[in-house]
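Hi there,

Here is the model I promised to pass along, with some notes to read beside it. Have a look at the structure first, and then at what I found in it.

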Amino acid sequence: MTYIPHSPKERDEMLATIGVESLEDLFKAIPAVHRYPDLDLPPALTEMEAAAELSEIALANETTNDLVSFLGAGVYNHYIPAAINHLLLRGEFYTAYTPYQPEISQGTLQAIFEYQSLIANLTGMDVANASHYDGATAVAEAVNMAMSQFRNKRTRIVMSAGVHPQYRATTDTYTQFSDMEIVGAEAGPSSTPDALAELINENTALVVVQYPDFFGRIFDYTKLGETAHEAGALFCVVANPTALGMLKTPGEMGADMVVGEGQPLGIAMSYGGPYLGFFTTREKYVRKMAGRLVGESVDSRGQRAFVLTLTPREQHIKRERATSNICSNQGLLALAAGIYMSLLGQTGMRQVAELCYHKAHYAAERIASIPGFELCHDEPFFHEFAVCCPGSVEEINAHLLEHGFLGGYDLGQDYPELENHMLVAVTEKTSKEEIDALVEILSEVSHD
Amino acid sequence: MTDFNLTEAPKIVEPTIYELSSPGRTGVTYPDPDVPRAKLPDELLRKELPLPELSEVDVIRHFVKLSTFNYSVDSGFYPLGSCTMKYNPKINEDTARLPGFANLHPLQPIETTQGALMLMYQLQEWLKEISGFDAITLQPAAGAHGEFVGVLVMRAYHRDRNDNKRTKMLIPDSAHGTNPATSAMSGLKVVQIPSDERGNVDLEALRAEADDTLVGMMLTNPNTLGLFDENVEEVCRIVHEAGGLMYGDGANMNALLGIAKMADLGFDVMHYNLHKTFSTPHGGGGPGSGPVVVTAELAQFLPAPIVAVVEEEADGLPPLYGLVDPSKTVGRVKAFNGHFGMFVRAFTYIAMHGPDGLRDISEYAVLNANYLLTRLRDAYHVPYDRICMHEFVAEGRWKDAPDIHALDVAKRLMDYGFHPPTNYFPLIVHEALMIEPTETENKGTLDAFVDAMLKIADEAHTSPNLLHEAPTKTPFGRLDEVKAAKELILCCWLPEDYGNQ
């Protein structure tokens with residue numbers, strides 16, 4: 001009973017106060033035949049034994065510490081400053097609940113308000129919410145918001161094939177029982193914004209593109225946004241927050257919503273989660289946006305203070321009339337991202353973006369110089385790029401793994417037309433030596 | 001109503017990071033590039049990056065200061081009903097941060113992630129065993145997300161049978177708001193079923209709605225009154241006879257570990273809340289984790305992917321774990337592999353409890369709730385008064401103290417050093433105070449809480465202003481929520497003349 005503090009004497013006193021004989025007597029409402037089933041679970045471990053067992057399980061993994069990684073595809077191996085974890089481990093933050101009682105939750109509330117501000121400023125938008133589960137569900141919620149904006153009267157979503165395949169799959173799942181038709185994938189993975197613009201019509205509720213796109217390419221979407229607006233549709237950009245350290249903001253391009261995955265902002269890769277879905281919009285749409293929002297106010301003592309606001313949009317008030325059922329946010333991860341951006345500031349955010357950019361371009365140039373390898377696209381790119389390989393990516397990656405390298409993402413998994421294409425990611429952590437070593441091993445492949 | 005002084009500029013207790021910013025500072029430095037600089041795409045660059053600039057010590061002091069404004073489980077008793085604010089063991093934070101877990105990319109080849117996959121597989125097996133179900137997905141990111149997955153699976157089941165007339169979901173009037181919101185979000189018509197005088201589902205009302213348009217019913221059990229539905233098997237039978245499926249909202253599983261298996265009671269689908277029942281921390285509002293368990297009949301519809309043995313153990317080699325898609329999957333509900341960090345914590349917690357320890361959790365959670373109920377029922381009216389499970393609902397109102405509301409009781413509790421219970425929920429109780437102590441609180445803490453509650457009941461009659469003006473001993477007083485909603489200040493910026501400072 002590691003975490004149960006009762007002594008037998010206290011337990012018996014409490015039972016006597018209640019007026020029952022035993023703990024079992026408290027469960028008589030449960031059908032006797034189903035009461036106290038056997039649980040086939042291993043016997044309890046002490047903390048010492050559990051710590052050892054978990055360490056052993058963790059050691060069975062080969063991580064990005066053990067291997068040199070060129071894997072990205074939506075999750076990036078950035079440096080996480082030490083201060084973040086030290087602050088996240090403060091029990092005052094991580095063992096608190098949703099700040100429904102603002103008098104004793106100003107720490108969480110002000111931190112979320114600052115997170116909202118940082119995300120809004122980074123994306124060039126008016127307002128950010130307190131976050132969604134991840135990048136994929138943030139995109140699905142953007143679709144949800146557009147459906148609600150047009151009261152389901154517009155039924156077309158134009159979504160670029162350059163939006164992360166798992167985000168598109170998630171959106172398909174969310175909309176499978178609705179009348180929504182999602183188009184755009186058929187334009188093909190190498191399509192440009194112009195090809196997408198042709199799919200926009202008067203029935204289009206939302207246009208969704210990714211920036212940089214899944215293949216790392218950077219497009220100026222201003223014109224596409226104008227086309228969307230001319231048709232009366234909303235325009236959503238799925239952005240990589242690291243890239244926004246140097247690139248023109250989606251806000252400047254006229255986006256109505258900017259959403260994305262916040263993992264690059266100081267959050268551990270942790271085999272896929274928990275991460276952070278950021279979500280921003282224009283002031284005029286704020287009441288249509290799902291998710292928690294923190295606003296500034298004052299308290300009864302004349303102090304500036306923060307509070308959850310516009311709650312009538314949410315499920316606990318609106319119930320079946322709410323547009324989304326979300327009733328949490330990724331609070332602790334939003335805090336991590338807020339601390340990350342505060343630590344890096346203008347200088348650090350720009351530096352990380354530029355380091356990623358320069359190193360990725362060095363890697364791209366070196367890889368493209370290997371016989372048999374070439375870059376798939378000639379548009380500008382950020383820190384990720386697609387490479388056409390002389391053979392199967394799976395086999396190349398198996399060869400790389402033998403040398404202690406995690407190769408890039410196999411694009412053929414999601415795009416049949418991109419068989420033998422690898423998506424290579426580079427971050428500020430990747431060194432020139434590591435890139436040169438990768439090129440050397442790939443050269444061996446090309447000679448095979 | 002609290003009076004707010006809106007004429008003077010508000011006093012700033014802790015500046016925002018924007019107000020603390022000073023041009024030229026940074027909290028992290030990075031090395032110069034070790035590769036030649038590439039040409040930047042000039043026309044695609046942003047002109048300004050209006051983020052604050054602070055040193056590391058500025059950032060640390062700011063957030064440490066903010067943390068002191070928070071009430072948390074680590075600082076005191078947090079009897080927030082339906083949220084299961086139990087103690088979060090420290091070892092869980094250490095195991096989740098082991099480098100072998102934290103530095104794992106979700107798209108790595110499975111041969112390099114066998115530890116993580118084995119842990120997920122084992123957790124799947126344990127959660128199936130605890131609930132009695134046959135199949136599971138760990139994907140859902142939170143309880144509400146799990147509900148959404150469960151409802152999608154139920155709809156997929158009917159669609160697969162070409163039974164397309166089913167568009168109605170039954171939901172008790174005591175349900176969490178997420179239940180009707182989830183059903184509506186999935187395009188279903190919600191029909192509310194009343195509770196009877198013992199707090200159970202009203203069987204007559206249920207029978208009247210149980211027809212062939214039924215997708216199913218979403219039922220929390222124990223329900224939000226903290227009561228085990230005494231007719232739960234009959235409820236499941238009625239829904240099944242109408243061809244519907246029973247969804248179990250597992251929000252209150254802290255009452256049932258080793259006490260009863262939800263599948264045995266007749267449920268077809270259920271979501272867990274790892275952040276409630278299995279002690280993964282609430283994080284100030286998230287992340288949660290909401291695995292969904294189902295019967296064998298529904299397994300093929302679960303979201304993709306799930307963890308399975310892809311090569312059996314043979315020739316002294318361990319089994320190979322991998323990610324597979326169920327045959328008629330509803331699809332993917334988020335990117336990657338679920339909230340893995342939460343799985344490590346829940347795994348650690350279950351491993352340290354074993355079958356007997358899990359049953360202890362529920363027995364002592366129920367003991368603590370009944371102890372509080374017994375000691376408070378004379379001072380606070382309890383509308384559905386019988387042996388409760390892990391929580392109970394009292395009323396924060398008295399006929400002879402008409403100006404006092406549940407909110408006032410809640411705020412006054414803060415002055416006594418306690419986090420208030422959930423108030424104004426469930427909706428079927430007027431001025432509800434929903435109290436869930438959890439198993440990790442000792443008798444001394446519970447007695448101190450009772451003392452404070454009894455004192456407040458007394459003050460409500462003798463000095464109501466103490467309640468109306470509360471809290472006075474917290475770092476902040478009551479908030480002007482009207483001003484927040486009216487002015488809608490949702491974001492701050494660097495001052496306009498920032499660059500010239």
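One definition before we start: two residues are in contact if their C-beta atoms, placed from the backbone, lie within 7 Å. With that in hand, Ala369(B) touches Gly226(B), Cys388(B), Met389(B), His390(B), Glu391(B), Phe392(B), Glu436(B) and Pro437(B), leaving aside residues up to four places away in sequence.

Some housekeeping. This is a predicted model, in which local features need pLDDT of at least 70 and side-chain atom pairs count only at pLDDT 80 or more, while totals for chains, interfaces and linings use all residues. Residues are numbered from 1 along each chain as its sequence is written, and chains are lettered from A and ligands numbered from 1 in the order in which they are written.

On confidence, pLDDT is the predictor's confidence in each residue, from 0 to 100. Chain B has a mean pLDDT of 96, with 99% of its residues at 70 or more. For the complex, the predictor gives an ipTM of 0.98 and a pTM of 0.97.

Back to Ala369(B). This residue sits in helix H11 (residues 340-376) of chain B; helices (H or I, at least four residues) and strands (E, at least two) are DSSP runs, numbered from the N terminus. Ala369(B) counts as buried because it has 30 C-beta neighbours inside 10 Å. The scale here is buried for 20 or more other C-beta atoms within 10 Å of a residue's own, exposed for 12 or fewer, and partly exposed in between, with C-beta atoms placed from the backbone. Ala369(B) and Glu436(B) are 67 residues apart in sequence, yet their C-alpha atoms are 6.4 Å apart in space.

Now the domains, whose bounds come from an automatic or database domain assignment. Chain B has domain 1 (91-351) and domain 2 (357-484), and their C-alpha centres are 30 Å apart. Between them, 19 residues of domain 1 of chain B meet 18 residues of domain 2 of chain B. On the domain 1 side of that contact in chain B there are nine nonpolar, eight polar and two charged residues. For these classes, Ala, Val, Leu, Ile, Met, Phe, Trp, Tyr, Cys and Pro count as nonpolar, Asp, Glu, Lys and Arg as charged, and the others, Gly among them, as polar.

Chain A is assigned domain 1 (68-79 + 347-447) and domain 2 (82-340), with 28 Å between their C-alpha centres. Their contact takes 26 residues from domain 1 of chain A and 20 residues from domain 2 of chain A.

Strand S15 (residues 421-425) of chain A is worth a look too. Five of its five residues are buried, so S15(A) is largely enclosed by the rest of the structure. His421(A), Leu423(A) and Ala425(A) point one way from the strand, and Met422(A) and Val424(A) the other way. Two strands pair if DSSP finds at least two bridges between them. S15(A) pairs in the antiparallel sense with strand S12 (residues 384-388) of chain A over five bridges, and Ala386(A) has Leu423(A) as its bridge partner. Strand S14 (residues 409-410) of chain A is also antiparallel to S15(A), over two bridges, with Tyr409(A) opposite Leu423(A).

Finally, where do the chains meet? The contact takes 171 residues from chain A and 170 residues from chain B. H11(A) gives the largest share of the chain A side, 23 residues. By class, that side of chain A has 82 nonpolar, 61 polar and 28 charged residues.

Happy exploring!
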